Number of protein chains: 4
Amino acid sequence: MFQIDLRSRRPIYEQVAENFKRLIITGALKENQRVPSVRELAQALTVNPNTVQKAYRELESQGYFYTVLGQGSFISAPPKQSAGASEKKSALYGQLRGLLHELLYNGEDKGAVVKFVLGVLNQPQ
Amino acid sequence: MFQIDLRSRRPIYEQVAENFKRLIITGALKENQRVPSVRELAQALTVNPNTVQKAYRELESQGYFYTVLGQGSFISAPPKQSAGASEKKSALYGQLRGLLHELLYNGEDKGAVVKFVLGVLNQPQ
Amino acid sequence: MFQIDLRSRRPIYEQVAENFKRLIITGALKENQRVPSVRELAQALTVNPNTVQKAYRELESQGYFYTVLGQGSFISAPPKQSAGASEKKSALYGQLRGLLHELLYNGEDKGAVVKFVLGVLNQPQ
Amino acid sequence: MFQIDLRSRRPIYEQVAENFKRLIITGALKENQRVPSVRELAQALTVNPNTVQKAYRELESQGYFYTVLGQGSFISAPPKQSAGASEKKSALYGQLRGLLHELLYNGEDKGAVVKFVLGVLNQPQ
DNA sequence: GTGGTCTAGACCACG
DNA sequence: GTGGTCTAGACCACT
């Protein structure tokens, strides 16, 4: 499904959660699709089941997963426009600003950045 | 100078370093400008001098600061275009792609994103 | 494992790091081998764990060690031939030139130096 | 005469001493040649006279300089073969071994190293 | 048990 | 006064 880097300073459970978020956000995992069970994934990644469990709990609490008792975990629908959404989006915009500044600071050409952004935004989901 | 969140899970020294990086890449701190002494900043933030020291040390090892013995720490010049730079830039582009996807996933309009990006890129440094 | 000189002007953490580098570049410590835990080594050297930690941290940031959370620190693989490598090698050559001049200045015979160099280079790793 | 790097972590007085040693060892400064006065050199390098003074003291105590009261400092003759010499040479050989290992560890070719060493040793002093 | 963070407080070298 | 080192001791997150 994906690889985790045991050597990374980042906790494994965060890496697992991050990977799921990425797959969901990019559309690789669709709404209501079933995800592997904790034990299956733990075995596949050769990590402790507790670690995967922790990742799933986090994903569920952040609204990316939902769980049906006895059936497993599933991908949630994308968020509706709610009160908290604009708050989250402004946080994302803040990160985006920082990233753009960092690219410029590292000598990247503005045109290249714009081109890249347009390329990403226009690719079909 | 800036605020840190003592309650955050993020280590204090990382927050300090992150804030300095932000101020440097956005151009708020200029080349060769002196930064507060370890003791001064520690007092201002009400943290232990060792903690600030750790942040400064990291900033120095990453090339953002340089130190003159007995005189203090100073802002380094922006990185030259070296061989390692492209590696760093591709990492930044990877983060950028993820961020753009996340904005779209949260229902943000493509036009608004493009507008924001152009706004950031065109503002005078 | 090795000895450090508590009286030396050289910081303890640098001595520790230096010793590990020596063991790594001479091949005494192999890739992926586990190194003593911070606490173990601190006890063995009768220094503070923070001091050993600092050494390990530096070795990690310089690419000699890698860390697996909750499991310990390990020896990294030798560096790939990257762009920055030639820069480092030319620095080493500069030191080598100085060292050779110093040997000659101290009256050492050229033949003896050459013999020594060939001996070191040809010994099996 | 030479440049010092104020940004280096290395103390200025050590840099000054090191530079003199280098010039003496490579034969750029000859026996009995007069060196600049402390004040002259301090002005030329724009550093504190105390710092230059400290460097000169160190060079004198290590036998590279000798001082004639009221006339200034001069370059000493190369060391005769004394009891301490072999001790120093074995230390230099130790450093040499380390340097050679480090070059190999960084992927340098043995032939290139040998060629470099021969080149340095055969160049006229 | 592992590494990582933080504090309090002391001492040193450098300029 | 500046950064740098070190200790003792506490607490936390991860596996």
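Which hand, left or right, does the crossing of helix 1 of chain B and helix 3 of chain B have? Keep that one in mind while you open the structure, which is a predicted model. The exercises below each come with a worked solution.

**Exercise 1. Describe how helix 1 and helix 3 of chain B pack, ending with the hand of their crossing.**

Solution. 
- Start with the axes: those of helix 1 of chain B and helix 3 of chain B come within 8 Å, and they cross at roughly 45°.
- Next, classify the angle: helix 1 of chain B is therefore oblique to helix 3 of chain B.
- Now settle the opening question: the crossing of these two helices of chain B is right-handed.
- Then find the residues. Helix 1 of chain B brings B:Ile12, B:Tyr13, B:Val16, B:Ala17 and B:Phe20 to the contact, while helix 3 of chain B brings B:Thr51, B:Val52, B:Lys54, B:Ala55, B:Glu58 and B:Leu59.
- Finally, sort them by class: this contact has eight nonpolar residues, one polar and two charged.

**Exercise 2. Work through helix 1 and helix 3 of chain D in the order used above, and state the angle at which their axes cross.**

Solution. 
- The axes of helix 1 of chain D and helix 3 of chain D come within 8 Å, with a crossing angle of roughly 50°.
- The two helices of chain D are therefore oblique to each other.
- Helix 1 of chain D passes helix 3 of chain D in a right-handed crossing.
- On helix 1 of chain D, look for D:Ile12, D:Tyr13, D:Val16, D:Ala17 and D:Phe20; on helix 3 of chain D, their contact partners include D:Thr51, D:Val52 and D:Lys54.
- The class count for this contact in chain D is eight nonpolar, one polar and two charged.

**Exercise 3. Find which elements of chain A touch chain B, and which of them gives the largest share.**

Solution. 
- Count first: the contact takes 32 residues from chain A and 32 residues from chain B.
- List the elements of chain A that give two or more residues to this side: helix 1, helix 4 (83–105) and helix 5 (110–122).
- Pick out the main contributor: helix 4 of chain A supplies the largest share, 15 residues.

**Exercise 4. Decide how helix 5 of chain A is oriented relative to helix 5 of chain B.**

Solution. 
- The axes of the two helices come within 11 Å and cross at roughly 170°.
- Angles over 145 degrees count as roughly antiparallel.
- Helix 5 of chain A and helix 5 of chain B are therefore roughly antiparallel to each other.
- To see the contact, select A:Lys110, A:Val113, A:Val114, A:Val117, A:Leu118 and A:Leu121 on helix 5 of chain A, then B:Lys110, B:Val113, B:Val114, B:Val117, B:Leu118 and B:Leu121 on helix 5 of chain B.
- The classes here are 10 nonpolar, no polar and two charged.

**Exercise 5. Trace the hairpins in chains B and C, and find the turn residue with a positive phi in each.**

Solution. 
- In chain B, strand 1 (residues 65–68) pairs with strand 2 in the antiparallel sense over four bridges.
- For one of the bridges, take B:Thr67, whose partner in strand 2 of chain B is B:Ser73.
- Three residues lie between the two strands of this hairpin, and B:Gly70 in the turn has a positive phi of about 75°.
- Move to chain C, where four bridges join the antiparallel strand 1 (residues 65–68) and strand 2.
- Here C:Phe65 stands opposite C:Ile75 in strand 2 of chain C.
- The hairpin of chain C also has three residues between its strands, and C:Gly70 in the turn has a positive phi of about 75°.

Terms used: Residues numbered from 1 in each chain as written. Chains lettered and ligands numbered in written order. Predicted model: local features only at pLDDT ≥ 70, side-chain atom pairs only at ≥ 80, totals over all residues. Pairing = 2+ DSSP bridges. Contact = placed C-beta atoms within 7 Å. Axes fitted to C-alpha atoms, helices over the stretch in contact; angles between N-to-C directions. Parallel < 35°, antiparallel > 145°, perpendicular 65-115°, else oblique. Left-handed = near helix turned anticlockwise from the far one by under 90°. Nonpolar A, V, L, I, M, F, W, Y, C, P; charged D, E, K, R; others polar.
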